[in-house]
Amino acid sequence: MTETTKTHVILLACGSFNPITKGHIQMFERARDYLHKTGRFIVIGGIVSPVHDSYGKQGLVSSRHRLIMCQLAVQNSDWIRVDPWECYQDTWQTTCSVLEHHRDLMKRVTGCILSNVNTPSMTPVIGQPQNETPQPIYQNSNMTNKPTAAKILGKVGESLSRICCVRPPVERFTFVDENANLGTVMRYEEIELRILLLCGSDLLESFCIPGLWNEADMEVIVGDFGIVVVPRDAADTDRIMNHSSILRKYKNNIMVVKDDINHPMSVVSSTKSRLALQHGDGHVVDYLSQPVIDYILKSQLYINASG
């Protein structure tokens, strides 16, 4: 498969990130490595989207703090970014609405069609009436003036950097993966871009709890977007998927990261990191990066048992 036929992917992780752990970042890295190894995908970016303050989870600190901690956790990454949109809404947003927001943002930024899992060619361009025949994405016959992949992906990155309020100023920002070697010959209309939900097997298992998720939302999340699952504690993802009719229906849209690394829940668990902080446990460095620890101590977060 050539670079021009691979699907370009943005990984989106939603969660409380209270606080964000080393394990959360490792999930992005492992998912990207796995998708690249399949030979079918190029991961061009990762987005961390902290939940709104009104989510109501006990001990959830202000989104102001959580956004800063997330930014500190990804400050050395050249492809993972923090997005504050979810936090800045008037109220809590569903995972489905967050995915749809970023899909629509990508459409506006690039002007191109983002593919759905089921019907990639029929996803309408923003502003295009859906009852009209879809037009070519780029109609100018002058091939030399067509935008290249690097220009398009750079355009995506520049727009996202503007809405990422907690990132310090940088001279240039791009979602282009340096290892992708996209070159300048890939044309605008040849890029297939998808936003995939990145999650752990615990979230996958929550899909099986009756009444917890809106079934229409599940259809969109798994059926239209697709998800990438990083198993935790050697979870049996096949067994989990067999317990949900929707997960069984869209099994081909669920990509389970398979590698030689066991991903213990403790490495990802924000709860365990908070307990370590409250008890003065030196093992907190196993859960959190040093800049995040320093910010927590400076801001006196999670000191009380209720936090």
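W79 counts as buried because its relative accessibility is 2%, where buried means under 20% relative accessible area, exposed over 50% and partly exposed in between, with a 1.4 Å probe and protein chains only. The model is predicted, so local features need pLDDT of at least 70 and side-chain atom pairs count only at pLDDT 80 or more, while totals for chains, interfaces and linings use all residues. Residues are numbered from 1 along each chain as its sequence is written, and side-chain values use heavy atoms, with hydrogens and water left out.

W79 belongs to an aromatic pair. A search of the whole structure finds 3 such pairs; rings of Phe, Tyr and Trp (its six-membered ring) pair if their centres lie within 6.5 Å, and planes under 30 degrees apart count as stacked, over 60 as edge-to-face and the rest as tilted. The ring centres of F28 and W79 are 6.0 Å apart and the planes stand at 75 degrees, so this pair is edge-to-face. It links distant parts of the chain, 51 residues apart: F28 is in helix α1, and W79 is in the loop between α2 (63-74) and β3 (80-82). Helices (H or I, at least four residues) and strands (E, at least two) are DSSP runs, numbered from the N terminus. F28, at 1% relative accessibility, also counts as buried.

A further edge-to-face pair is formed by F207 and W213, with 4.6 Å from centre to centre and 70 degrees between the planes. F207 counts as buried at 4% relative accessibility.

The next element is strand β5 (residues 227-230), which is covered on both faces. I227 and V229 lie on one side, V228 and V230 on the other, and all are buried. In a regular strand the side chains alternate between the two faces of the sheet.

Strands pair if DSSP finds at least two bridges between them. Strand β4 (residues 192-200) runs parallel to β5 and is joined to it by 4 bridges, with L197 opposite I227. Strand β6 (residues 254-256) also pairs with β5 in the parallel sense, over 3 bridges, and here I227 stands opposite I254.
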